Amino acid sequence: MPPIAPAPSHGPAPAPTAAPSAIVLDPAHTPATIEARSFAVIDAEIPEPRPFSGPLWQVARRCVHTLGDTEIVPDLRLSAQGLRNGLDALLRGCTVFTDTRMAAAGLPLRRLTPLGVSVTPIMSLPGLDQLAKTRDTTRTRAGLELLAPRMGGQIVAIGNAPTALLGLLDALAAGAPVPALIIGMPVGFVNAAQSKALLHQSPWPHFTLLGRKGGSALAATCVNALAELALAERKT
């Protein structure tokens with residue numbers, strides 16, 4: 001059997017691949033040093049004058065850290081009154097209502113238990129499937145409407161469901177008791193931006209991030225930042 005001839009070459013031979021550039025690792029490797037180094041990078045990339053200072057910058061910086069995105073700062077809406085309301089609620093041992101179990105999972109007990117704070121994920125309520133079908137809405141909105149009378153003076157953290165935030169705004173407009181702080185961070189392409197714009201136009205104390213970005217982790221981050229501030233305040 002004659003030898004098989006090599007396939008003809010098409011075009012010039014590929015150029016030799018350049019050697020990859022050296023990747024320099026940051027020496028930080030423990031939780032404390034990684035966090036400190038991360039905050040130092042954020043501070044350097046967002047120099048003063050910043051739109052927030054003091055405790056509000058501590059909250060904003062944690063939001064940047066959570067998303068890994070310094071470009072969110074101009075769209076953050078954090079108020080001094082919302083901060084004070086949130087701290088006072090945590091210091092008196094409030095309940096934090098979350099729209100998802102994921103947001104609740106982002107709230108470690110090591111921060112909340114010393115403050116006597118409890119967490120109630122709306123999605124943990126029994127019978128939500130049937131209630132949502134009956135009301136022709138999402139489970140989070142149905143659950144929020146059910147719990148709205150209990151949210152007065154508490155913290156409500158919404159990171160996933162625009163329908164929950166819209167439901168809360170509707171309940172408040174109808175006379176439901178006002179939470180101490182609404183953390184409105186729903187993420188997505190359908191009514192996420194709109195719900196947060198409506199929250200920011202409302203008179204209710206709130207933290208929010210305008211636009212499509214957000215998420216359960218971001219909502220939890222705000223609560224965690226407030227809890228750290230509350231623990232520090234209680235020590236003084």
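UniProt positions are given in the numbering used here, and its annotations may be inferred rather than shown by experiment. With that in mind, UniProt places the feature "domain: Cobalamin biosynthesis precorrin-8X methylmutase CobH/CbiC" at residues 34–228, in an unreviewed entry. The structure itself is a predicted model.

## The whole chain

Start with the annotated stretch. Residues 34–228 are 51% helix and 12% strand.

Along the principal axes, the C-alpha trace spans about 90 × 50 × 30 Å.

How much of the protein chain counts as buried? Of its 236 residues, 45% do. Among contacts with a separation of 6 or more, 63% come from residues 24 or more positions apart.

The accessible surface is about 12700 Å². Carbon and sulfur atoms hold 60% of that surface. As for charge, the protein chain carries 20 positive and 16 negative side chains. The centres of these two sets lie 5 Å apart.

## Backbone details in the loops

The peptide bond from Glu48 to Pro49 is cis, with omega near 0°. Pro49 sits in the loop that runs between helix H1 (31–45) and helix H2 (54–67).

Asp136 is not a glycine, yet its phi is positive, about 55°. Its loop lies between helix H6 (128–135) and helix H7 (139–147). Is Asp136 buried or exposed? Asp136 counts as exposed because its relative accessibility is 72%, and the cut-off for exposed is over 50%.

Asn191 is another residue other than glycine with a positive phi, near 70°. Asn191 lies in the loop between strand E5 (181–184) and helix H9 (192–201).

| Residue | Relative accessible area | Class |
|---|---|---|
| Asp136 | 72% | exposed |
| Asn191 | 34% | partly exposed |
| Pro177 | 36% | partly exposed |
| Ala192 | 0% | buried |

## Helix H7 and its cover

Which residues of H7 are buried? They are Thr140, Arg141, Ala142, Gly143, Leu144 and Leu147. The cover over these buried residues includes strand E2 (95–98), strand E3 (118–121) and strand E4 (155–158). It also includes H6 and helix H8 (162–173).

## Two residues and their contacts

Pro177 belongs to the loop between H8 and E5. What does Pro177 contact, leaving aside neighbours within four places in sequence? The list is Ala148, Pro149, Met151, Gly152 and Leu172. Pro177 and Trp204 are 27 residues apart along the chain, and their C-alpha atoms are separated by 11 Å.

Ala192 is in helix H9. Ala192 is buried because its relative accessible area is 0%, where buried means under 20%. Not counting residues up to four places away in sequence, Ala192 touches Pro162, Pro186, Val187 and Gly211. Gly214 is 22 residues from Ala192 in sequence, and the two are 8.7 Å apart in space, C-alpha to C-alpha.

Definitions and conventions:
Residues numbered from 1 in each chain as written. Predicted model: local features only at pLDDT ≥ 70, side-chain atom pairs only at ≥ 80, totals over all residues. Heavy atoms only, no water. Helix = DSSP H or I, 4+ residues; strand = E, 2+ residues; numbered from the N terminus. Buried < 20%, exposed > 50% of the residue type's maximum accessible area, 1.4 Å probe, protein only. Contact = heavy atoms within 4.5 Å. Areas by Shrake-Rupley, 256 points an atom, 1.4 Å probe, with all protein chains shown as cover. Lys, Arg positive; Asp, Glu negative; His and termini not counted. Charge placed at Lys NZ, Arg CZ, Asp CG, Glu CD.
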